[in-house]
Amino acid sequence: MKIRQETPADYAEVYELVKISFATSTNEGEWDYLNEVRKKAAFIPKLSLVAENDDGRLVGQIVLYKTDITTPEGAVTQLLLSPISVHPDYFRRGIATAMMKEAFHIAQELGYTAVFLCGDPQFYHRFGFRGSYEFGIYHVADKSLCGEWCMALELKEGALSGITGTIDIE
């Protein structure tokens, strides 16, 4: 398996990959969401990666892009992971793990220190993600102030220390 930066030539194949990966999910339209992400100023091409199998077929994709934590002192820019996809024929082969490791490594090289996402806690906790509320950062839609579905991972220990506020993840 090879992990590399996504190129515009990959977009159609990635679209189909995301569509089939989310076929049984309640997140309908995730495939269109990725197309919209690429149009945003927050999009970072170096953090849009694909995984190829030995035949050159795309079997996974991940994208991290800029997001802001709204604090009393102003915006703090970090990263949002959305979406990550693996073709169902390749589930449980470590592809998501490998893509996250590579994306997080590149993110650190670019100077980012934390990643946020909304997703299944049972899946993401094993990668070190914790409820963002544990850091004093709350999703704007989290009325309970303890939603496990909005999560954060510090790429650098203590990166979120002293930062409190809200995050608006679509």
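This is a short tour of the structure above, stop by stop, for you to follow in your viewer.

Before you click anything: this is a predicted model, where local features need pLDDT of at least 70, side-chain atom pairs count only at pLDDT 80 or more, and totals for chains, interfaces and linings use all residues. Residues are numbered from 1 along each chain as its sequence is written, and side-chain values use heavy atoms, with hydrogens and water left out.

**Stop 1: helix α1**

Select residues 11–21, which make up helix α1. Helices (H or I, at least four residues) and strands (E, at least two) are DSSP runs, numbered from the N terminus. Now colour V14, L17, V18 and S21, the buried residues of α1. Buried means under 20% relative accessible area, exposed means over 50%, and partly exposed is in between (1.4 Å probe, protein chains only).

**Stop 2: E6**

Go to E6, in the loop between β1 (2–5) and α1. Is E6 buried or exposed? E6 counts as buried, at 7% relative accessibility. Show side chains here, and you'll find a polar contact between those of E6 and R38, at 2.7 Å. (A polar contact is a pair of N or O atoms within 3.5 Å; within protein, one must be able to donate a hydrogen and the other to accept it, and residues adjacent in sequence count only if both atoms are side-chain atoms.) Leaving aside neighbours within four places in sequence, E6 is also in contact (heavy atoms within 4.5 Å) with several residues, including Y11, V14 and F43.

**Stop 3: strand β3 and its partners**

Select residues 58–71 for strand β3, where 11 of the 14 residues are buried. Two strands pair if DSSP finds at least two bridges between them. Which way does β2 (43–52) pair with β3? They pair in the antiparallel sense, over six bridges. Click L49 and you'll see I62 of β3 opposite. These two strands form a hairpin with five residues between them, and G56 in the turn has a positive phi of about 85°.

How many bridges join β3 to β4? There are 11, and the strands run antiparallel. This hairpin has two residues between its strands. Look for T71 with its bridge partner G74, then for I69 opposite V76. I69 also has a bridge partner in β9, namely I167. β9 (residues 165–167) and β3 run antiparallel, joined by two bridges.

**Stop 4: along β4**

Bring in β5 (residues 114–118), which runs parallel to β4 and is joined to it by two bridges. Find L79, with V115 of β5 opposite. Follow the chain from β4 through α3 to β5: this β-α-β crossover is right-handed. The peptide bond from S82 to P83 is cis, with omega near -5°.

**Stop 5: two loop residues**

Select R92, in the loop between β4 and α3 (95–109). Its phi is near 60°, a positive value in a residue other than glycine. R92 is exposed, with a relative accessible area of 82%.

Finish at L145, in the loop between β7 (137–139) and β8 (150–154). L145 isn't a glycine, yet it has a positive phi of about 60°. At 48% relative accessibility, L145 counts as partly exposed.

Conventions. Right-handed = clockwise from strand over helix to strand, strands pointing away.
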